[in-house]
Amino acid sequence: MGIKPQDSMKEKETLWIFGYGSLVWKPGFAYKRSKVGHITGYKRRFWHGDEFHRGDKIKPGRVATLVQDPEACTWGVAYEVSSSEIEGSLQYLHTREVLLGGYIITKLQFFPKEKDQEPLLALVYIATSDNPMYLGPASDTDIANQITTCRGSSGHNIEYLVRLAEFMRLCCPEVEDEHLFSIEATVLGIIKLCDQLPTCLDFSQPAPN
């Protein structure tokens with residue numbers, strides 16, 4: 001299923017990259033335009049471990065990956081990258097998602113939310129169960145407890161979760177992502193019981209670029 005980054009650069013005028021986790025609010029690479037939409041055949045799950053961005057080797061964070069499900073769809077953002085920016089963008093994402101994140105690359109059909117927009121083929125980064133950082137299924141409570149105690153070089157694991165939930169409410173208000181929102185509610189409940197939010201978080205401010 002994996003695709004080498006250089007294979008995605010051949011004879012391309014533009015390239016589309018689909019994000020469903022932190023890429024929806026923090027892409028980190030140059031792009032021409034973006035479209036909100038979804039892919040089909042996969043569900044988003046907080047089943048992947050993160051030992052760098054949102055956790056460490058002792059306490060890995062929980063981040064999103066895609067799990068095959070023929071009845072499911074996952075909403076996110078597709079970014080169009082111009083030909084002059086493809087190489088730099090793929091190099092950046094190779095470090096962020098593959099080397100540090102443990103993801104592999106595949107291509108999936110993306111369906112824009114806007115009416116009368118044709119589907120397009122997009123690169124997608126997926127962490128599979130054969131990855132040593134893959135954590136697999138757990139209860140919402142166990143996932144939430146893990147998220148509330150983890151931080152990495154990019155910030156607290158709670159930020160990753162809440163920013164993603166905020167994106168869904170803002171850009172896809174008609175979509176009920178039960179897995180995401182249930183974990184978010186459980187995390188916010190834990191924070192309320194502790195009567196404090198981690199000091200590194202200030203969600204009144206926009207996400208960093």
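Reader: Why is D116 called exposed?

Author: Happy to explain: D116 has a relative accessible area of 79%, and exposed means over 50% (buried is under 20%, partly exposed in between, with a 1.4 Å probe and protein chains only). D116 is therefore exposed. Please keep in mind that this is a predicted model, where local features need pLDDT of at least 70, side-chain atom pairs count only at pLDDT 80 or more, and totals for chains, interfaces and linings use all residues. Residues are numbered from 1 along each chain as its sequence is written, and side-chain values use heavy atoms, with hydrogens and water left out.

Reader: What makes the phi of D116 worth a remark?

Author: The phi of D116 is positive, about 65°, although D116 is not a glycine. Most residues other than glycine have a negative phi. D116 sits in the loop between β4 (104–112) and β5 (120–126); strands here are DSSP runs of E with at least two residues, helices are runs of H or I with at least four, and both are numbered from the N terminus.

Reader: Is R54 buried or exposed, and how do you know?

Author: R54 has a relative accessible area of 3%, so R54 is buried. This residue lies in the loop between β2 (33–50) and β3. Its contacts (heavy atoms within 4.5 Å) beyond four places in sequence include W25, C150, G155, E159 and Y160. R54 and G155 are 101 residues apart in sequence, yet 6.0 Å apart in space, C-alpha to C-alpha.

Reader: Why are α2 and α4 called oblique to each other?

Author: Helix α2 (residues 140–148) and helix α4 (residues 178–194) pack at about 55°, with axes 9 Å apart. Axes are lines fitted to C-alpha atoms over the stretch in contact, and angles run from 0 to 180 degrees between N-to-C directions. Under 35 degrees counts as roughly parallel, over 145 as roughly antiparallel, 65 to 115 as roughly perpendicular, and the rest as oblique. The two helices are therefore oblique.

Reader: Which residues of α2 and α4 meet?

Author: Among them are A144, I147 and T148 in α2, and I183, V187 and I190 in α4. V187 is in contact with A144, I147 and T148, and also with I158 and L161, leaving aside its neighbours within four places in sequence.

Reader: How many of the residues in the chain are buried, as a percentage?

Author: Buried residues make up 51% of the 209 residues. The chain has 4 helices and 7 strands.
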